[in-house]
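Hi there,

Here is the structure I promised to pass on to you. Have a look at it first, and then read my notes below.

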Amino acid sequence: MEETSREAVATAVQRVAGMLQRSDQLDKVEQYRRREARKKASVEARLKAAIQSQLDGVRTGLTQLHSALLDVKDIQGSLADVSKDWRQSINTIENLKDVKDAVVQHSQLASAVENLKNIFSVPEIVTETRELIEQAELLQAHRKLMELECSRDDLMYEQYRMDSKNTSDMNLISNYFEDVQGLSDELAKQLWMVLQRSMVTVRRDPTMLVSVVRIIEREEKIDRRMVDRKKQTGFIPPGRPKRWKDKMFEVLEGTVSTRIEGTQSVTREADKMWLVRLLEITRKYVLDDLIVVKNLMLTGSIKDLVEMMGHPELRSECDINQLEPLLPQHVVDDLLSKYVKTFTSNITGWLRKALETDKKDWQKETEPEADQDGYYQTTLPAIVFQMFEQNLQVAAQIDGDFKEQVLKLCLKQMNTFLIRYREEAMAYKEEHLRDRQLPQCYVQYMIAIINNCQTFKESINSLKRKYSQSSEPTDSDAAIERTLNEVAKEGCQFLLDEVFLDLEHHLNELLTRKWLTGSHAVDTICVTVEDYFNDFNKIKKPFNQEMTSEALRRVVVEYIKAVMQKRITFKNADERREGAERMIKEADQFKFLFRKLAAGEDTDRLCGAIAAIAEVFKLTDPTLLFLEVTTLVSKYPDIREEHIQALLAVRGDASREMRQMIIGTLSENKVSYSGVTQPIFKDITVPTITMTTMTTMTSMATAKLLK
């Protein structure tokens, strides 16, 4: 130690000698002394800050270890209670057999009561259904048939659950509903008759054909449901599965085959030009047949003819390679150009109509639909990409280059459409702000708009994988990505604005006299935020995570703004202690809430800013104030001089000299902000007193003195 002291003294002497080499430097001795005193204070402050940081870390570690020990003991106790309850429940479960039997019996009786009306009116409903079938009212007849089958199937299922081996009761139910199977067969005959005449029906009464298809789709759904239930329970109602869809295709195939065979009116023996006549007849009817049956048997027959014409024995008569194209290239190019122009015009109109329809849904009084994961959505993305898919399928049948051209055109139109989508979302928000009671489901539909952005992204990537051979990004990709991100980000911002409009009154209470004497403002803020985020859980990733983080940041920033606005000045140490303790408690409330909402890793750091400011207020020894402020600045380097001035003003006991010393020293040893972490104080302004305000205050003070 003595050696170190001697070296320090020698170094100091050398430095002083260097400073005082000329006589005129003696006048600056006091200035040198103050500068060295500030440097010494700065070094001591940094040393104290480092030691304090280490002590805080040790204290935090010990606290966490203590909490972990208590948690382990609680878990051990809980596991012991669970083990005890489990042992006691074994005997209880065995004693519940009678209750289980009673539940089964109650379920059967409930099913019987529910179907009681249909049970007593079975003959009447059978008669009505038969009359509807005869009158060709197929949809209504099928609805009544489903009611009868549902009553029969429910009763038989409950009987099967109670006693699957009791065939007598099963037969009793089956005999009572024996006419139901006959009605099903009669309805099926009517359906097959309509399908056999489908090429005539589609022109005269297309509604009838649509009704037939709807009935068959219903039966397919019921078949799948019953087959799934059989896998789980082993029970399947009589007559299931009906497999009407397979029968429908058999009937259509037979109808088309009969029609095609009917066109072959002559043979080779009767007419040498039989093939020419057959092709002419096929050409005449091919368009109508394709409209009715699309690509079932007709295309198969044409394929057979093509294969026959390409038979090796006929190749000597005609060399395909020597034939000219059916259409000259300039005609093909002209047709493709006209198609692109027509498609561009049509897709613009389709997209406009789709958006108008979606906008009407935004005004509904019912919540939007949710997908299988529970996220709100509208039908807009599905409609838009169904349009694109259909046109790309047509383009793919022409050639690969044209398919790529149509895909690029779709993406270009998509970019224009998304710009309009963004404008409409903005207008929707502005409309809501004029009357916040309308639309009633504004929050839910804004969530759906945000989720649609993610759906659009996924659908665009799916289209590109399916229809593009190139992995290079197109000109529209970056613009689409940017616009979708902007729509989603703005939508999240609109929703947060909605939250903070409700919180405005409570935020204005913070750091006021009312707050200090006892206010529930933060309790109300936490409850309101949590209530809104119950709806915000319906937002898809990654937007929900970003929104939660932004909500936390805004809450903390608004809280710190309340501090910087100097709404209160603490009068004494008791008020400073009380205010600081309230701030620390409220920071913990925010931390608990946003950990629950999974706001991310920044939760502790952001909420810690409130607690760090509270420590500045809580300090009882003013001589250590510089150390506490230095600790705050080291943790949050984006804090500015005006923020420190505001904190010291709120504290209320810092002298002018102390404020100047703290600000001066911090300015000399300013910590540079790296920008790695999200700034907190960057956007927080400290209100300044203008000349007008000063004049007004002076006038008021003068008036009081005169009185």
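Phe385 and Phe456 are both buried, where buried means under 20% relative accessible area, exposed over 50% and partly exposed in between (1.4 Å probe, protein chains only). Please keep in mind that this is a predicted model, in which local features need pLDDT of at least 70 and side-chain atom pairs count only at pLDDT 80 or more, while totals for chains, interfaces and linings use all residues. Residues are numbered from 1 along each chain as its sequence is written, and side-chain values use heavy atoms, with hydrogens and water left out.

Now to the aromatic rings. A pair of aromatic rings is described by the distance of the centres and the angle of the planes. Rings of Phe, Tyr and Trp (its six-membered ring) pair if their centres lie within 6.5 Å; planes under 30 degrees apart count as stacked, over 60 as edge-to-face and the rest as tilted. That rule gives 19 aromatic pairs. In one of them, Trp362 and Tyr428, the ring centres are 5.1 Å apart and the planes are at 45 degrees, so the pair is tilted. Trp362 belongs to helix H15 (residues 329–362) and Tyr428 to helix H17 (residues 400–434), so this pair ties together parts that are 66 residues apart in sequence. Helices here are DSSP runs (H or I, at least four residues), strands are too (E, at least two), and both are numbered from the N terminus. Trp362 and Tyr428 are buried as well.

Back to Phe385 and Phe456: their ring centres are 5.9 Å apart with the planes at 50 degrees, so this pair is also tilted. Phe385 is in helix H16 (residues 380–396) and Phe456 in helix H18 (residues 442–467), so the pair ties together parts that are 71 residues apart in sequence. One aromatic cluster includes Trp362, Phe385, Tyr428 and Phe456.

What about the chain as a whole? It has 28 helices and 0 strands, and 36% of its 707 residues count as buried.

Finally, the nonpolar core (a set of buried Ala, Val, Leu, Ile, Met, Phe, Trp, Tyr and Cys residues joined through side-chain atoms within 4.5 Å). The largest one has 120 residues, and Met414 and Phe456 are among those that touch the most other members. H18 gives the largest share of this core, 13 residues. Another core, of 33 residues, lies apart from it and includes Leu148 and Met170.

Enjoy exploring!
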